[in-house]
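Hi everyone, thanks for making time.

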Amino acid sequence: MKKILIALVLLLVFGLASVYVFIPGKIKIETTIPLRAAFPGVSRTLIDENSWKKWWPGERPLNYDKQTYSIREKIFSVFDIDIYSANDTINSRLELVLIKNDTMTISWHAEQVSSTNPLIRFSRYRHAKETEENMNEILQSMKAFLEKTKNIYGVEINRTLVKDSVLISTRRSFEHYPNVQEIDAM
């Protein structure tokens with residue numbers, strides 16, 4: 001009986017110690033997605049809060065999986081978003097990062113301070129992981145909406161080659177800058 005009690009106490013101590021070792025004091029919540037869309041169009045669409053209703057994955061805009069999202073501040077490519085849960089608030093930041101003309105990434109990150117109490121610390125870690133999953137699902141929904149040009153510009157835009165039957169071209173090399181008569185003669 002004594003050995004079992006000692007084993008349980010050691011297991012409890014090891015479990016509590018592992019909470020402090022494996023769960024940091026500040027829990028980082030980060031998710032990033034690549035996006036094939038033009039930066040100005042995406043920024044203009046996201047600044048308009050009414051457009052969020054069109055792509056938001058939950059039943060009601062800015063509510064998802066028992067969390068409420070509130071846009072605190074909007075700047076051209078940065079959105080400060082507060083995430084409210086039953087008993088917790090997390091400040092987060094959504095950033096638009098330009099990669100190329102038609103390629104960008106959307107990064108959403110937050111930080112949650114954990115407690116010195118091991119049970120609260122573990123609970124906040126689980127909550128942070130759930131929040132990270134929700135943020136990822138929201139970003140996937142945003143990506144599906146924003147990668148369709150009709151959703152950004154109101155019309156379908158296709159990239160294609162145009163054959164112009166009226167276009168005529170000619171080429172000639174000069175050792176000097178051509179004058180008007182030489183250009184007209186071509």
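Before anything else, one definition: two strands count as a pair if DSSP finds at least two bridges between them. With that in hand, here is an example of residues facing each other: Phe79 stands opposite Leu94 in S5. And please keep in mind that what you're looking at is a predicted model.

Okay, let's follow the strands in order. We start with S2, residues 63-64, and S3, residues 67-75. They run antiparallel, and two bridges join them. If you want a spot to look for, find Tyr64, whose bridge partner in S3 is Gln67. S2 and S3 make a hairpin with two residues between the strands, and in that hairpin Asp65 takes a positive phi near 50°.

Next up is S3 with S4. What joins S3 to S4? A hairpin does, through two residues. The pairing is antiparallel and goes over seven bridges. Two places to check on your screens: Tyr69 stands opposite Ile83 in S4, and Lys74 stands opposite Phe79, also in S4.

Is S4 mostly covered or mostly open? Mostly covered: six of its seven residues are buried.

Moving on, S4 covers residues 78-84 and S5 covers residues 89-100. How many bridges join them? Seven, with the strands running antiparallel. This hairpin has four residues between its strands. Tyr84 is the one to look at here, as Tyr84 stands opposite Thr89 in S5.

Then we get to S6, residues 103-113, which pairs with S5 in the antiparallel sense over eight bridges. S5 and S6 form a hairpin too, with two residues between them. Along that pairing, you'll find Ser92 opposite Ala110 in S6.

Let's turn to the surface.

There's a nonpolar patch of about 460 Å², made by Ile4, Leu8, Leu11 and Phe14. Let me pick Leu11, which sits in helix H1, residues 2-22. Why does Leu11 count as exposed? Because its relative accessibility is 56%, and the cut-off for exposed is over 50%.

There's also a negative patch, and here Asp65 comes back: Asp65 forms this patch along with Glu130, Glu133 and Glu137. Glu130 is found in helix H4, which is residues 118-146. Is Glu130 exposed or partly exposed? Glu130 has 39% relative accessibility, so Glu130 counts as partly exposed.

Terms used. Residues are numbered from 1 along each chain as its sequence is written. This is a predicted model: local features need pLDDT of at least 70, side-chain atom pairs count only at pLDDT 80 or more; totals for chains, interfaces and linings use all residues. Side-chain values use heavy atoms; hydrogens and water are left out. Patches are made of residues with over 30% relative accessible area and no salt bridge: like charges are joined within 9 Å, nonpolar side chains (Val, Leu, Ile, Met, Phe, Trp, Tyr) within 5 Å. Accessible areas come from the Shrake-Rupley method with a 1.4 Å probe; for residues, only the protein chains shown count as cover. A salt bridge is a side-chain nitrogen of Lys or Arg within 4 Å of a carboxyl oxygen of Asp or Glu. Buried means under 20% relative accessible area, exposed over 50%, partly exposed in between (1.4 Å probe, protein chains only). Lys and Arg count as positive and Asp and Glu as negative; His and the chain ends are not counted. The place of a charge is taken as NZ of Lys, CZ of Arg, CG of Asp or CD of Glu.
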